[in-house]
Amino acid sequence: MATMEKHDVRTTLNYWDDPGDGLPPTPIFIGKGKVTNKRPHLPHDFTVTDITGDEDKYQLDTHGFQYCRHKSEEEKFTDEESIKSAYYQECKELLKEITGASHIHIFNHKVRRGPTQWHHLGFNGQNLANRGPVTRTHVDQSYVGAERRLRWEFPDQKQADELITRRYQIINIWRPIETILKDPIAVADANSVPDSDLVGAEMVEDGFKGESWVVRHNPHHRWYFKYRMTPEDVLLIKCFDSDTSVARRALHSAFEDPDYRGEVSRQSIEVRCLVLY
């Protein structure tokens with residue numbers, strides 16, 4: 001049986017450049033059609049390993065991410081109401097099947113069709129309309145930020161107090177809208193990333209004051225991706241898990257594959273989910 005040729009990529013990944021002043025990272029502000037992100041980052045060399053053919057070796061609770069096959073009835077992802085009704089329901093059913101969770105609460109989604117350097121398009125109201133890939137290593141919620149998000153989504157204090165006594169997770173469902181060549185997404189093995197590499201960083205979005213992780217560079221981080229993901233290839237990215245005995249979070253970032261630098265901009269959708277048990 002022939003061995004599948006892997007498409008490993010030698011590239012750079014952008015890590016937070018700690019100014020060394022002891023201050024927290026610069027906050028990010030998202031809202032009113034624009035985003036401001038002035039945190040300093042520096043590129044570092046890595047090889048991102050293609051897991052094609054070995055997808056089953058990587059699971060949410062062992063590595064913090066998981067690939068699966070799933071066909072959606074949605075194709076273009078241009079109708080917001082259809083995304084929030086039909087596609088959200090598909091996502092809930094998929095996550096329940098994979099995790100065994102009793103309830104999935106989806107709190108937002110992001111469609112990305114813009115160019116790589118979309119952050120620098122200017123703040124004329126078109127910034128978020130041209131949302132593109134995030135080329136900075138990060139986790140969407142810190143441990144503190146995950147509880148903030150749960151309490152924001154479930155504002156009844158008694159209910160929220162009860163929910164956090166049980167296991168809960170935040171998982172992103174990431175899907176290509178067209179086959180991915182330019183700016184694919186990489187995820188890091190949670191076992192290769194100690195908590196000491198993560199720094200809580202404030203992110204304010206439409207009035208919600210959350211906290212994400214920015215990341216200090218560590219050459220021992222192990223990065224992976226699936227080459228040529230299609231719309232039927234779904235990546236589950238764990239951003240938080242209250243269970244401390246399993247992989248709790250996976251760094252992720254878009255990265256440049258030099259072979260496809262000249263391709264059209266990537267198109268993808270990610271759906272952010274609170275997973276309750």
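I looked up what covers the buried residues of helix 3. The cover includes strand 6 (103-112), helix 4 (157-163), strand 8 (168-176), strand 11 (208-215), strand 13 (233-241) and strand 15 (268-276). Here contact means heavy atoms within 4.5 Å. Helices (H or I, at least four residues) and strands (E, at least two) are DSSP runs, numbered from the N terminus.

This is a predicted model, where local features need pLDDT of at least 70, side-chain atom pairs count only at pLDDT 80 or more, and totals for chains, interfaces and linings use all residues. Residues are numbered from 1 along each chain as its sequence is written, and side-chain values use heavy atoms, with hydrogens and water left out.

Next I listed the buried residues of helix 3 (residues 143-153): Tyr-143, Gly-145, Ala-146, Arg-149, Leu-150 and Glu-153. They sit on the same side of helix 3, because they cover an arc of only 160° around the axis. The arc is that of the directions from the helix axis to the C-beta atoms. Buried means under 20% relative accessible area, exposed over 50%, and partly exposed in between (1.4 Å probe, protein chains only). An α-helix has 3.6 residues a turn, so residues three or four places apart point the same way.

Then I turned to the cores. A nonpolar core is a set of buried Ala, Val, Leu, Ile, Met, Phe, Trp, Tyr and Cys residues joined through side-chain atoms within 4.5 Å. The largest has 42 residues, and Tyr-67, Leu-150, Trp-223, Leu-235 and Leu-251 touch the most other members. A second, separate core has 22 residues, including Val-234, Leu-236, Ile-269 and Val-271.

Is His-252 buried or exposed? His-252 is buried, at a relative accessible area of 5%. I found His-252 in strand 14 (residues 252-254). Beyond residues up to four places away in sequence, His-252 touches several others, among them Trp-223 and Cys-239.

Pro-25 is in the loop between strand 1 (9-16) and strand 2 (28-31). Pro-25 counts as buried, at 7% relative accessibility. Pro-25 and Val-199 are 174 residues apart in sequence, yet 8.0 Å apart in space, C-alpha to C-alpha.

Last, I read the confidence. pLDDT is the predictor's confidence in each residue, from 0 to 100. The protein's mean pLDDT is 92, and 92% of its residues reach 70 or more. Over residues 118-128 the pLDDT is below 50.
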